[in-house]
Amino acid sequence: MPNLKSYTGLEVHWGSSEEMDAVEDNSVQSVICSPPYWNLKDYGHDEQIGTSDESYDRYHDRMQKVWSECYDKLADNGSMWIVVDTVMDKGDLQLLPYHIAERAQEVGFILQDLITWYKPTAIAGMTERNVVNKKEYIVYLSKNKKHKFREERGENSSEDPAVENNHRLGNLWRHPVKRGSIGTNVLHKAPYPISLINRLVQVSTNEGDVVLDPFFGSGTTAYSALELGRKCIGYELNEEFESVIRERLTPIQQRSLAEF
Ligand SMILES: C[S@@+](CC[C@H](N)C(=O)[O-])C[C@H]1O[C@@H](n2cnc3c(N)ncnc32)[C@H](O)[C@@H]1O
């Protein structure tokens with residue numbers, strides 16, 4: 001498998017995205033990520049944001065540092081898209097997407113919308129909810145009121161309530177989730193679907209633009225960005241993801257070498 005450094009247009013930094021000094025200010029067109037949730041999953045790293053011994057406020061303080069860094073790295077017409085859901089805390093629903101939106105607004109972002117990602121194939125989870133949760137949110141923010149937004153019209157119109165008969169994109173997006181892990185590595189079992197990230201990349205960037213993912217994980221954002229001719233920068237704490245990412249991106253690398 002090729003070394004990550006050999007991927008054209010890809011830059012992965014192993015460290016916390018609370019400080020992204022390696023990225024030039026105003027150089028990123030779009031930030032796309034799914035953050036670590038508060039008190040939910042241990043990714044096995046001391047510096048991880050959202051572990052069970054961290055208070056809800058402390059979690060948001062640290063996340064706000066990341067949003068502030070993202071703000072600085074974004075171009076003036078850039079946007080940020082955070083895929084995140086509410087979480088159950090001892091029977092109480094925490095409105096995580098709303099609180100993330102508020103913290104991002106505090107550092108200067110403009111809240112454009114909370115898009116609903118409808119997951120028709122989602123099944124009942126482990127938490128005690130009377131209704132099955134079939135959605136997540138996408139917190140859609142921009143650095144300034146005027147920002148790059150490329151409309152898709154007509155594509156998937158019969159399947160997707162977000163795009164009906166050449167009308168403008170709606171804020172209810174249907175993207176089924178596939179269960180299971182990526183490749184042979186079980187380190188990461190819950191990445192977001194490529195179809196969803198493709199839409200975000202296409203709506204918010206042009207070919208050649210830079211996409212930043214401050215919580216890189218298995219590299220779904222990079223897969224989509226590179227496939228669509230964009231560049232991608234990622235920050236990830238956990239170096240154990242390297243082999244998963246390499247396995248994941250190999251088809252793209254092979255395709256671009258064949259085209260070359
Ligand atoms: C929900 S996962 C991201 C999944 C990713 N979108 C994918 O396609 O696999 C969140 C990731 O954030 C990472 N993480 C947690 N704290 C971090 C920090 N301070 N800086 C960078 N990454 C961090 C975790 O290791 C985990 O991989």
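## Ligand contacts

An oxygen atom of the ligand sits 2.6 Å from an N or O atom in the side chain of Ser 218. Thr 220 also places a polar side-chain atom 2.4 Å from a ligand oxygen. Ile 49 uses its backbone: an N or O atom there lies 3.2 Å from a nitrogen atom of the ligand. Taken alone, the ligand exposes 610 Å², and the protein buries 98% of that. These values come from a predicted model.

The ligand is surrounded by 24 residues. The closest are Ser 16, Ser 17, Ser 218, Thr 220 and Glu 236. By class, the shell holds 11 nonpolar, 10 polar and three charged residues.

## Ser 16 beside the ligand

Ser 16 is among the closest residues to the ligand. Its place is the loop between β1 (10–14) and β2. Is Ser 16 buried or exposed? Ser 16 counts as buried because its relative accessibility is 16%, and the cut-off for buried is under 20%.

The side chain of Ser 16 makes a polar contact of 2.5 Å with the side chain of Glu 18. Ser 16 also touches Glu 47, Tyr 235 and Leu 237, leaving aside neighbours within four places in sequence.

## The chain as a whole

The chain has five helices and 10 strands. Of its 260 residues, 49% count as buried. The accessible surface comes to about 13100 Å². Carbon and sulfur atoms account for 46% of that surface.

Among contacts between residues at least 6 apart, 71% join residues at least 24 apart.

## The nonpolar cores

In soluble globular proteins, nonpolar side chains tend to be buried together. Here the largest nonpolar core has 33 residues. Trp 67, Cys 70, Met 80, Ile 82, Leu 96, Phe 109 and Leu 212 touch the most other members. Elements that each supply at least two residues include the helices α1 (56–73) and α2 (96–106). The strands that do so are β2 (28–33), β3 (74–84), β7 (135–142), β9 (210–213) and β10 (231–236). Helix α1 gives the largest share, six residues.

Which residues does Met 80 touch, beyond those up to four places away in sequence? The list is Val 31, Trp 67, Cys 70, Leu 74, Ala 104, Phe 109, Val 139, Tyr 140 and Leu 141.

Helix α4 (residues 220–227) is mostly covered, with seven of its eight residues buried. The buried ones are Thr 220, Thr 221, Ala 222, Tyr 223, Ser 224, Ala 225 and Leu 226. Thr 220 is also one of the closest residues to the ligand. Gly 229 follows α4 and has a positive phi, near 80°.

In α3, the buried residues are Leu 196, Ile 197, Arg 199, Leu 200, Val 201, Val 203 and Ser 204. Their cover includes α4 and the strands β2, β3, β6 (110–118), β7 and β8 (172–174).

## Partly exposed positions

Asn 206 lies in the loop between α3 (194–204) and β9. Asn 206 is partly exposed because its relative accessible area is 29%, between the 20% and 50% cut-offs. Not counting residues up to four places away in sequence, Asn 206 touches Lys 148, Arg 150 and Arg 230. Asn 206 and Leu 228 are 22 residues apart in sequence, and their C-alpha atoms are 9.0 Å apart.

Asn 26 is in the loop between β1 and β2. Its phi is near 60°, a positive value in a residue other than glycine. Asn 26 counts as partly exposed, at 42% relative accessibility.

Gln 105 is found in helix α2. Gln 105 is partly exposed, with a relative accessible area of 37%. Gln 105 and Ser 142 are 37 residues apart in sequence and 9.6 Å apart in space, C-alpha to C-alpha.

Definitions and conventions:
Residues numbered from 1 in each chain as written. Predicted model: local features only at pLDDT ≥ 70, side-chain atom pairs only at ≥ 80, totals over all residues. Heavy atoms only, no water. Near = heavy atom within 4 Å. Polar contact = N/O pair within 3.5 Å; in protein donor to acceptor, adjacent residues only side chain to side chain. Areas by Shrake-Rupley, 256 points an atom, 1.4 Å probe, with all protein chains shown as cover. Nonpolar A, V, L, I, M, F, W, Y, C, P; charged D, E, K, R; others polar. Core = buried A, V, L, I, M, F, W, Y, C linked by side-chain atoms within 4.5 Å. Buried < 20%, exposed > 50% of the residue type's maximum accessible area, 1.4 Å probe, protein only. Helix = DSSP H or I, 4+ residues; strand = E, 2+ residues; numbered from the N terminus. Contact = heavy atoms within 4.5 Å.
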